[in-house]
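Please look over the protein shown here, and then read the short report that follows.

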Amino acid sequence: MPRLFASLHQPYYVYTPPYKQTSGGSRALHYLCHALNLIGEEAYSVNHQTHSELRTPVLTQEIVNTHQAAGRSPIAIYPEVISDNPLKARNVIRYLLAEPARYTGHPIQRGLRDLIYTFGPSIVPEGWEADRLRMPLVDTRIYNALGTRPENRQGSAVFFNRHIANGGTLNPVTMNSIEISIRAGERSAAELAEIFKTVECLYLYEHSTICFEALLCGCPVVYIQNETSLPESYPWLMEGNGIAWDLSPESLKRAKASVYKVQALYQKEEDDFWEDLGKLVEKTQRLAVDLHERPISAVTQSPPYLPPTTSAKKKKRLLVYSVESTWSPCPQIRLIRPFMQLSQDWEIEWGIKNGQVDTNAAARADLILLHRFTPGLMPISTLDLIFKLGKPVIYESDDLLNEIPANHPEAAAGASWKDGIEYSVKRAQAVVVSTPFLAEKYRHLNPNVHVLQNYLDYDIFHRPVPQKANGDPISIGLLGSSIQPSNFALVDRALRAVCEHYGDRINIDFVGWHCPQGWENHPNARFTSFIHEYEKYAMQLKGMAWDIALIPLAQDEYNECKSFVKWLDYSAAGIASIFSDVSVYNAVVTHESTGLLMPNSEQVWLDAIVSLIESPQRRHALAQQAQREVEAHFGLKQNVYLYNEVYSSLITGTAAATSTLASQSITPTASATQDSSPRQPIPKRPAGINAGVTVVARNLLKKSG
């Protein structure tokens with residue numbers, strides 16, 4: 001409930017260009033100003049050319065003077081085409097509607113306190129943190145598919161704006177298309193909608209809001225990728241529905257088959273926008289500073305009482321030696337996202353900068369972490385120096401990287417890592433891994449092993465479980481290790497049989513390093529290189545909109561040590577999944593409830609795949625139950641306390657191993673005691689044993705008990 005005498009929020013000054021119906025960027029900024037006013041905020045357009053149906057009052061000098069007299073500090077909102085701070089505001093939002101400098105050539109001069117919001121994830125520069133704000137730009141009263149029938153469509157339309165002016169050329173495929181670019185004359189919204197309701201597809205040489213207008217009219221969109229205006233694809237757009245990213249007949253067919261889904265997705269985006277806008281208001285008002293650059297929350301609120309002896313809480317510092325990009329999956333899953341959730345208590349420092357190992361950083365650290373294969377790349381002399389820095393050192397991994405099998409793509413590299421990894425494991429105060437099976441493999445080198453399973457940042461992977469009818473096209477996906485030769489061999493013949501039987505109703509996505517042998521030119525298959533940036537991978541997974549995921553896993557020691565991260569990802573993304581019935585998955589997947597568990601038999605896999613193709617209801621039930629299970633029990637937010645407990649205990653040197661053997665007496669092996677540095681005694685019954693024991697480990701304890 002509002003309070004009559006409460007302090008007013010800070011006003012928003014939106015740096016709008018003149019309102020122009022044919023410009024998505026112009027409309028986005030005017031609509032944002034309008035939306036802020038609709039939810040009770042005070043927002044102004046700096047441009048006097050507005051739209052009469054929008055609540056976008058024009059900012060005047062008189063209004064500015066009034067705000068200054070009242071001590072109100074405005075929040076300026078700039079699009080990415082504004083590189084500086086022309087309003088001289090102390091509070092700045094940068095709203096990215098395209099890549100910075102793409103149209104102007106001038107990079108944004110970010111202030112230290114500037115907040116970044118983005119229309120989409122792929123336009124955010126590397127290293128920037130941005131919140132989502134996808135402005136709904138399409139008037140669905142005009143742009144809709146009412147009264148349209150696919151069989152009545154014919155011909156095509158084409159749109160390009162800056163493409164030709166920037167030196168781009170046109171593809172012959174669009175030679176006879178209806179040109180709806182600005183150079184062909186402006187058309188009203190009703191005229192454009194009429195075209196979209198009658199043509200078979202719209203060709204685009206560059207991204208534009210017109211994409212969504214066409215899709216909502218039931219018109220598939222074909223993006224023609226090119227170096228001038230569209231060098232990369234945006235698979236997150238409409239989760240890939242209704243959109244083709246190449247000129248193949250198969251891609252257009254998939255776009256036509258899925259364009260009907262866009263209306264519901266767009267409605268959800270509009271619902272999400274209002275929620276995200278509310279978060280923007282809360283965050284920007286909370287972080288705003290006054291005209292003297294003091295935090296407004298500190299000026300307008302009474303400070304809490306603190307006893308005189310109270311000092312600021314010192315954060316614990318984890319020094320990480322890792323050669324992997326901070327955007328790649330393993331650092332994101334195992335370190336960055338958990339410790340972001342623990343940012344009030346922890347901070348991470350990266351100890352390898354520009355290819356150089358920074359040992360001076362150890363003076364600021366409470367704990368040193370050697371990550372995955374990184375110690376395998378270091379000379380033993382460097383590792384020895386790290387262990388002599390006087391701080392507890394731990395080794396962390398989610399793979400058995402010192403024993404990679406010969407048929408793995410990283411086998412040659414793995415052989416060179418072995419000595420450095422095992423040297424570090426033996427000398428580490430503790431080892432932190434993702435599964436109990438991996439823990440067992442390291443325990444003969446170091447008895448102090450902790451199991452912290454992978455948890456999921458659920459929101460970035462979540463996609464509503466799709467509803468499909470019997471007979472609809474089916475998309476089947478395999479990713480990463482699932483297409484490595486020894487694993488893929490388990491399903492190769494089954495997939496070929498499925499393609500032969502169902503024909504072009506089946507689409508198969510392979511995502512990884514190399515397309516499986518013999519599938520390179522298969523008409524039902526598409527190969528996509530794996531995206532190594534974690535958030536973009538999540539977008540890629542959702543955008544491919546798989547109905548079924550296959551996770552074949554050959555039974556060997558290396559695979560036994562892998563984690564069930566694919567089950568987490570696929571379940572959150574609303575995909576019905578079939579897994580090899582091996583310990584990695586049968587410890588968490590409930591057969592016929594949260595997935596299918598299959599023995600490694602070609603005929604059994606074929607039967608399972610066919611059963612999901614033939615039953616949309618069964619696919620939906622499996623995907624929905626798995627999604628609920630992951631959200632309820634495997635989310636990072638509700639389990640991150642385990643990371644705090646385990647890593648905090650390691651700082652003191654009294655950390656006790658948490659594993660399936662934790663309740664037994666443990667005696668260090670000879671190899672584990674070769675290190676001459678002091679090591680804390682390991683009690684028979686470790687204190688706080690449950691802190692790091694995973695769900696898998698608990699299940700195994702029950703089974704073994």
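**Terms and basis**

A residue is called buried under 20% relative accessible area, exposed over 50%, and partly exposed in between, using a 1.4 Å probe and protein chains only. This is a predicted model, in which local features need pLDDT of at least 70 and side-chain atom pairs count only at pLDDT 80 or more, while totals for chains, interfaces and linings use all residues. Residues are numbered from 1 along each chain as its sequence is written, and side-chain values use heavy atoms, with hydrogens and water left out.

Helices (H or I, at least four residues) and strands (E, at least two) are DSSP runs, numbered from the N terminus.

**The protein as a whole**

The protein has 24 helices and 25 strands, and 53% of its 705 residues count as buried. Among contacts (heavy atoms within 4.5 Å) with a separation of 6 or more, 67% join residues 24 or more positions apart.

**An open sheet**

Six strands form an open sheet in the order β22-β21-β20-β23-β24-β25, with parallel pairing, where two strands pair if DSSP finds at least two bridges between them. Because β22 (525-529) and β25 (596-598) stand at the edges with a single partner strand each, one side of each is left without a neighbour in the sheet.

Within this sheet, β23 (residues 548-551) and β24 (residues 576-580) pair in the parallel sense over 4 bridges, and L550 has I578 in β24 as its bridge partner.
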